[in-house]
Amino acid sequence: MAERYSSFTPGGTGWLLQRVTAAFLVVTLAFHFFLLHFVNHAYEITFAGTQMRMENVGYLITMVLFLWAAAFHGVNGVYNALVNQGLSGTPKRIVLAVLSLAGLALVAQGTYVALVMNGMI
Amino acid sequence: MSESYNRGLIEDFGRWREFAPGMWAWILHKFTGWILIGYLFTHIAVLSNALGAAGNEAKIAAGEDIYTTTLQGLEGLFLIRVLEVGLLAVAVFHILNGVRLLMIDLGIGLEAQDKSFYISLVVTAAITVASVPTFMTGVGA
């Protein structure tokens, strides 16, 4: 077998989660684009319409999970791209900390916004 | 076990003329990934206008809340519509190539990985072109 080029550790949690979130995102990203550009149109979006969709608990949960999965997948992807690029040592640890904080802030803000849209907050 | 060798940095883009389809797929997947995560941060920032809109029922009913006016203001711009088409192209390619990668990880289709990359490109182009009329509806109106 040829040398593996991936920086992911096969069998590792990060490697597996990147693929599990990928499979979930294939469906949710396609659904999101389809619903908000082809069923509803982006130029017709109103707060009332958003509120109505987000009041549906199934939709709210789907969107929040979509956000969490996308944030993890994206931030983990960026981190591994930089590791592939040769990032190591202290800069690697700093980048991991900065990306983790940015990802957590994104998830926190996005979840808060979703709950406000739902009317829960 | 395979023998280990020093392959150097695989991101030596100066070698781009030597790149095989699999390498271009890898580069495009990375490029589209960077755009998508960058956009996600922007998207949540724009949608955060909901925080200023919530609770003002009169304005919401009239469609004059900050969330509605911001989104509709942005959607009125031709540039935003063009960027949306670009975002669709980026998302569709990332999805299709992502499915291709998941399949390869599962041991399916490795021998046809170059063909599946070309198919990803063609389907992305077809979906993008077919979506242009939908994305451009009512722009500037």
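Predicted model: local features only at pLDDT ≥ 70, side-chain atom pairs only at ≥ 80, totals over all residues.
Residues are numbered from 1 along each chain as its sequence is written, and chains are lettered from A in the order in which they are written. Local features need pLDDT of at least 70, side-chain atom pairs count only at pLDDT 80 or more, and totals for chains, interfaces and linings use all residues.

Q: Which element of chain B gives the largest share of the side that touches chain A?
A: Two residues are in contact if their C-beta atoms, placed from the backbone, lie within 7 Å. The contact takes 37 residues from chain A and 41 residues from chain B. Helices are DSSP runs (H or I, at least four residues), numbered from the N terminus. The largest share on the side of chain B, nine residues, comes from helix 1.

Q: How is helix 3 of chain A oriented to helix 1 of chain B?
A: Axes are lines fitted to C-alpha atoms over the stretch in contact, and angles run from 0 to 180 degrees between N-to-C directions. Helix 3 (residues 57-84) of chain A packs against helix 1 of chain B at about 130°, with the axes 10 Å apart. Angles under 35 degrees count as roughly parallel, over 145 as roughly antiparallel, 65 to 115 as roughly perpendicular and the rest as oblique. Helix 3 of chain A is therefore oblique to helix 1 of chain B.

Q: Which residues of helix 1 of chain B make the contact with helix 3 of chain A?
A: Helix 3 of chain A contributes Ala70(A), Ala71(A), Gly74(A), Val75(A), Gly77(A), Val78(A) and Ala81(A). From helix 1 of chain B come Lys30(B), Gly33(B), Trp34(B), Leu36(B), Ile37(B) and Leu40(B).

Key
Helix = DSSP H or I, 4+ residues; strand = E, 2+ residues; numbered from the N terminus.
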